[in-house]
Structures are given as structure tokens and as C-alpha cells.
Amino acid sequence: PSPCRRWTVTGPSSTRARIRVVSLTNTAIWDKSDRNFAILQTAFITVVSPRGGENWPIGSRQTINWDSIGVTGKVRIDISRDGGSTWTTIIANTPNVGVVYWNVTGPATTRARIRVVSLANTAIRDMSDRGFTIQQVQ
């Protein structure tokens, strides 16, 4: 039996995709998929930092990082100070480059979370895994 090969699926999206396998030594030997199959573009955002557990003093400059795949256009950055129940936008429109700097504002909380949202498709979003602290400077 011949060994199985893995293939990393790439775009573009299609509902009429097929695979064709051709012999390298004799191109007259080949086969193709019997039916169409779908390749669907998957898009996601993952907040990398803050993940949770950090302490950010009010007035400090902090880095918000995220990864994204398949996300077009810009993103919005939101903050929750109540563990994710309610959100306030802190950066309404920024390029999707995976990093933004934020001058931390109050009020203080131990339940802060950051959320990154695609502006092109607001269903594509992610937030910090756990709460982090925004603290008043002593």
C-alpha cells in the first residue's frame, strides 16, 4: 500500500473543489475526486496579551497583542471592567497588525478583560482568557 500524505488546505474558498493525483513517472496515470467538496475560509482572532493575571497601573502604557487569520480590514479594541458582562470601546478603528499600545485609564478593577473585534465581521472576536488587574497608582 502507498503511504498517505497530509495536505494543508489553503484558499480560496470554494464549494466545487476537487483533488487530482497524477503519477510523476507516467502522467497518463491519474485519478480525481468523484464529487465536489467545500473549502471554507476560516477566520479567527486570538488575544495573546493580556491573557489574564497581569497588573496594569492606571496611566501606564501597555501592549495589547493578538493573532488573526483570515480577518480582513480593521479591528476594534474593547475593555470590560466586570469580567466580560459589559464592554467599552477604547480604540474604535485600528489596523489589524496584531499590536496596539494603550495608555491605561481608570477606574481600577480586578476583573478587566480586553476584546479584539473584526470590524468587517463583528462575529469574529476574542477576549482575554482571564481577568487582569487595573490598579490605581499609589
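Trainee: What should I know before I start?
Mentor: The model is predicted, so local features need pLDDT of at least 70 and side-chain atom pairs count only at pLDDT 80 or more, while totals for chains, interfaces and linings use all residues. Residues are numbered from 1 along each chain as its sequence is written, and side-chain values use heavy atoms, with hydrogens and water left out.

Trainee: OK, rings. How many aromatic pairs are there?
Mentor: Two aromatic pairs. Rings of Phe, Tyr and Trp (its six-membered ring) pair if their centres lie within 6.5 Å; planes under 30 degrees apart count as stacked, over 60 as edge-to-face and the rest as tilted. W56 and W102 have ring centres 6.3 Å apart and planes at 55°, so that pair is tilted.

Trainee: Where do W56 and W102 sit?
Mentor: W56 is in strand β6 (residues 55-57) and W102 in strand β10, 46 residues apart. Strands are DSSP runs (E, at least two residues), numbered from the N terminus.

Trainee: And how far apart are the ring centres of W56 and F132?
Mentor: They are 4.8 Å apart, with the planes at 55°, so this pair is tilted. F132 lies in strand β13 (residues 132-135), 76 residues from W56. W56, W102 and F132 form one aromatic cluster.

Trainee: Is F132 buried or exposed?
Mentor: Buried, at 0% relative accessibility. W56 is buried too, with a relative accessible area of 4%. Buried means under 20% relative accessible area, exposed over 50%, partly exposed in between (1.4 Å probe, protein chains only).

Trainee: Switching to the sheet. What order do the three strands take?
Mentor: The order is β5-β7-β10, in an open sheet with antiparallel pairing. Two strands pair if DSSP finds at least two bridges between them. The edge strands, β5 (44-49) and β10 (99-103), each pair on one side only.

Trainee: How many bridges join β7 to β10?
Mentor: Five, with β7 covering residues 61-69. R61 has N103 in β10 as its bridge partner.

Trainee: Now a loop. Where is A123?
Mentor: A123 is between β11 (109-118) and β12 (125-127). A123 is exposed, with a relative accessible area of 63%. From A123 to F44 the C-alpha to C-alpha distance is 9.4 Å, although they are 79 residues apart in sequence.

Trainee: Last one: which strand holds V21?
Mentor: Strand β2 (residues 20-22). V21 is exposed, at a relative accessible area of 56%.

Definitions and conventions
Helix = DSSP H or I, 4+ residues; strand = E, 2+ residues; numbered from the N terminus.
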